[in-house]
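Here is a friendly briefing to read alongside the model. Keep the viewer open as you go through the topics below.

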Amino acid sequence: MSVKTSARGLALTALMRVFKQQSYSNISLNHVLADQQLTPADRNLATQIFYGTIQRKLFLEYQLKGLVRTKLREPYLEPLLLMSIYQLVFLDKIPDRAVLDEANKLAKAFGRPKSSGFRLVNGILRAFIRRQTQLPKEDLAKLSVQESFPQWLVSYFIKNWGLKRTEQMLASLNQPAKNSTRISGLAKFDSVWQSLVQSGFSPARSALNPQAAILAKGGISNTPMFKEGQLTIQDEAAGLVVEAFDFAGDEQVLDACSAPGGKTVQIAEHLTKGKVTALDIHAKKLALVEQNAKRMGVADKVAVKACDARQAGTFFSDQSFAKILVDAPCSGLGLLRRKPEIRYTKQLADLRNLQRIQLQILDQVSFLLKPTGELVYSTCSISVEENEEVIDQFLKTHADFELVPFTAGNLTSDSGMLKILPDTYGSDGFFIAKLRLRG
Ligand SMILES: C[S@@+](CC[C@H](N)C(=O)[O-])C[C@H]1O[C@@H](n2cnc3c(N)ncnc32)[C@H](O)[C@@H]1O
């Protein structure tokens, strides 16, 4: 194995893609690890260093302050320094000596010919070990650096949930995400559970979702159980959205923002004679919905259509559907544990811009619902702008709709709106609202 294809070499390559090319973290890591012959331990190490460095990026950059006195010209230098400081501070089992040696080898392998970058890396890391970690003095800046969340987001959390809950949420969001799966409603739950036990996944029950199995390790997508559609990868909170509907089984359902189809297949599992029409603005992504439907054995109940949901009225007549799901495009602020880079890319203004799109989608699909039909609105965001405010504004201009109480999995909402914060159950953060068109 060469230095570049070692666990740390692959983590560095993936980090360079995220930091310099702004690629998505999960896509970059999957791309870099694909076809590599790593042991499970090395794969875990590469994953841990990669996600940990992105998660703690603000903290790690702050540690470099005062230690770097020259421009870091070669593209590998900054990511290598950040991931090395990550290991020095957060991975207790790796001795400092090993981190320095590995950084030295990586600098030589990734540096230009005759580059002296390895000396620079060595000097900076040794200076960091002598000085140790530092934090700003002022409270807001300190919390922001300590938990590695931009100041606007820390202030936003404090404004909405107070300082104590914010501290709790930020710390929780820096923990690794769970390996959550949902057992298909068409499979025999107990027998899938037994297979999981026998294959060493040590499944655990979820506190909020009875269909979920939380696995002790990754790699489920390589198993026959997954390939045969007995279960799928889905967060335990995400798996509650579809359960907010009361299905008859023979109805026409619209999934207005469907790709990659996690909720489309779940809807289809509830249908007997009914069908679900899955829209997405990105035609390419609909192939994923079709693949998902095929794998989960529900392709005969799913029809896909590339379409901007804001123009759905040009393709479907009014009152075509008994149920409509709007799992809206959103900031993803509930996914900060699973997609750590979101915290650095989103801005406060995005929340208002997204609100406008979310309201336009709701407004346009509302004409397609039959009287007494159900409309479920959900996002994987916890912001007020994309959730409660959207529902309030929609109801102000659509007096024929009302919020209705619902039960989804082990949770009940009397108000018709449910927000799951990410530290309550250690799940993704989610918002679900259930509306009914009066008869
Ligand atoms: C939150 S994701 C949906 C996740 C999906 N429901 C699932 O559970 O797998 C939002 C989706 O909405 C799509 N989208 C964004 N704007 C849209 C629009 N105007 N009309 C339809 N789809 C849209 C995005 O391409 C994205 O696939």
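Helices (H or I, at least four residues) and strands (E, at least two) are DSSP runs, numbered from the N terminus. An unreviewed UniProt entry places the feature "domain: SAM-dependent MTase RsmB/NOP-type" at these residues, 169-438. UniProt positions are given in the numbering used here, feature names are shortened, and annotations may be inferred rather than shown by experiment.

Two notes on reading the model:

- Residues are numbered from 1 along each chain as its sequence is written.
- Because the model is predicted, local features need pLDDT of at least 70 and side-chain atom pairs count only at pLDDT 80 or more, while totals for chains, interfaces and linings use all residues.

**Domains**

- The chain is divided into domain 1 (3-131), domain 2 (139-173) and domain 3 (238-437), with bounds that come from an automatic or database domain assignment.
- Between domain 1 and domain 2, the C-alpha centres lie 26 Å apart.
- Six residues from domain 1 and four residues from domain 2 make up their contact, where two residues are in contact if their C-beta atoms, placed from the backbone, lie within 7 Å.
- On the side of domain 1 that touches domain 2, helix α4 (residues 57-64) gives the largest share, four residues.
- That side of domain 1 divides into three nonpolar, one polar and two charged residues; Ala, Val, Leu, Ile, Met, Phe, Trp, Tyr, Cys and Pro count as nonpolar, Asp, Glu, Lys and Arg as charged, and the others, Gly among them, as polar.
- E61 has its place in helix α4, and with 16 C-beta neighbours inside 10 Å it counts as partly exposed.
- A residue is buried if 20 or more other C-beta atoms lie within 10 Å of its own, exposed if 12 or fewer, and partly exposed in between, with C-beta atoms placed from the backbone.
- E61 and E78 are 17 residues apart along the chain, and their C-alpha atoms are separated by 8.9 Å.

**Around the ligand**

- The ligand is surrounded by 19 residues, the closest being C257, G262, A309, D327 and P329; a residue counts as near if its C-beta atom, placed from the backbone, lies within 6 Å.
- Two or more residues of this shell come from each of α12 (262-269) and β5 (275-280).
- Sorted by class, the shell around the ligand has nine nonpolar, four polar and six charged residues.

**Nonpolar cores**

- The largest nonpolar core has 70 residues, and A256, I324, V326, V365, Y377 and I432 have the most contacts inside it.
- Helix α9 (residues 151-173) provides the largest share of this core, six residues.
- Both domain 2 (139-173) and domain 3 (238-437) give at least three residues each to this core.
- A nonpolar core here is a set of buried Ala, Val, Leu, Ile, Met, Phe, Trp, Tyr and Cys residues joined through C-beta atoms within 7 Å.
- V326 is in contact with A256, C257, I361, L362, V365 and Y377, leaving aside its neighbours within four places in sequence.
- A second, separate core has 38 residues, including L29, L88, L106 and F110.

- The feature "active site" is placed at C380 by UniProt, in an unreviewed entry.
- C380 sits in the loop between β8 (369-379) and α16, and it is buried because 25 other C-beta atoms lie within 10 Å.
- Not counting residues up to four places away in sequence, C380 touches A238, C330, G332, G334, L335, D428, G429 and F430.
- I391 is found in helix α16 (residues 388-397) and is buried, with 20 other C-beta atoms within 10 Å.
- I391 touches Y377, M417 and A433, again not counting residues up to four places away in sequence.
- The C-alpha atoms of I391 and Y425 are separated by 24 Å, with the two residues 34 apart along the chain.

**Backbone details**

- The peptide bond from A259 to P260 is cis, with omega near 10 degrees, and P260 is in the loop between β4 (252-255) and α12.
- K114 is not a glycine but has a positive phi of about 65 degrees.
- K114 lies in the loop between α6 (96-110) and α7 (117-131) and is exposed, with 5 other C-beta atoms within 10 Å.
- Q319, also a residue other than glycine, has a positive phi near 60 degrees.
- Q319 lies in the loop between β6 (302-306) and β7 (321-327) and counts as partly exposed, with 13 C-beta neighbours inside 10 Å.
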